[in-house]
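Here is a short report on one protein model. Keep the sequence and the 3D view open while reading.

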Amino acid sequence: MAAFTAKEIFIQGITSNGRTFRPSDWAERLAGVMSGFRPGGPVPGSHLGYSPWCIPTTLNGVKCVVVHPDLRDYDAMAWDFVMNFARDNDLQVTEACLLPEGRV
């Protein structure tokens, strides 16, 4: 897989042919699986919140998962799992930087 240099990777819930990916809660499921991969490692109760390195969101009406490259440095197999999920499901992947609200 290509080396990513952007601040974050956006896995979009749109396939390469423009179809919406199903099930509709795929982003929350993927981020939930990755909840234990976080700075300092998993702690009791960490499964109750998303990792700051793998966050589900909606952008312009499209479900996405924002993946921070620190995940790759922390656990290369976890990074590969997320990137392979996107590839195996033919999801669009974009390099970008998520700006705080109110910034253009």
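Asp 75 caps the N-terminal end of helix H3, with a side-chain oxygen 3.0 Å from the backbone nitrogen of Met 77. The model is predicted.

**Helix H3**

H3 covers residues 76-88. Its 13 residues should span 18 Å at 1.5 Å a residue, and its end C-alpha atoms are 18 Å apart, so the two values agree.

Which residues of H3 are buried? They are Ala 78, Trp 79, Val 82, Met 83 and Ala 86. These residues lie on the same side of H3, because they cover an arc of only 130 degrees around the axis. Met 77, Arg 87 and Asp 88 sit on the other side of H3 and are exposed.

**The chain as a whole**

The protein chain holds three helices and four strands. From the N terminus on, they run β-α-β-β-α-α-β. Of the 104 residues, 37% are buried. The accessible surface comes to about 6300 Å², and carbon and sulfur atoms account for 54% of that. Take the contacts between residues at least 6 apart in sequence: 63% of them join residues at least 24 apart.

**Backbone points in the loops**

Most residues other than glycine have a negative phi, and most peptide bonds are trans. Asn 60 has a positive phi, near 55 degrees, and is not a glycine. Asp 90 is not a glycine either, yet its phi is positive, at about 60 degrees.

Asp 90 is in the loop between H3 and E4.

The peptide bond between Arg 22 and Pro 23 is cis, with omega about 10 degrees. Pro 23 belongs to the loop between E1 and H1.

Gly 45 is another loop residue, between H1 (26-33) and E2 (54-59). Its C-alpha atom is 10.0 Å from that of Ser 35, which is 10 residues away along the chain.

| Residue | Relative accessible area | Class |
|---|---|---|
| Gly 45 | 33% | partly exposed |
| Asn 60 | 82% | exposed |
| Asp 90 | 37% | partly exposed |

Why is Asn 60 classed as exposed? Its relative accessible area is 82%, and the class begins over 50%.

Conventions:
Residues numbered from 1 in each chain as written. Predicted model: local features only at pLDDT ≥ 70, side-chain atom pairs only at ≥ 80, totals over all residues. Heavy atoms only, no water. Helix = DSSP H or I, 4+ residues; strand = E, 2+ residues; numbered from the N terminus. Buried < 20%, exposed > 50% of the residue type's maximum accessible area, 1.4 Å probe, protein only. Expected span 1.5 Å × (residues − 1). Arc of directions from axis to C-beta. Polar contact = N/O pair within 3.5 Å; in protein donor to acceptor, adjacent residues only side chain to side chain. Contact = heavy atoms within 4.5 Å. Areas by Shrake-Rupley, 256 points an atom, 1.4 Å probe, with all protein chains shown as cover.
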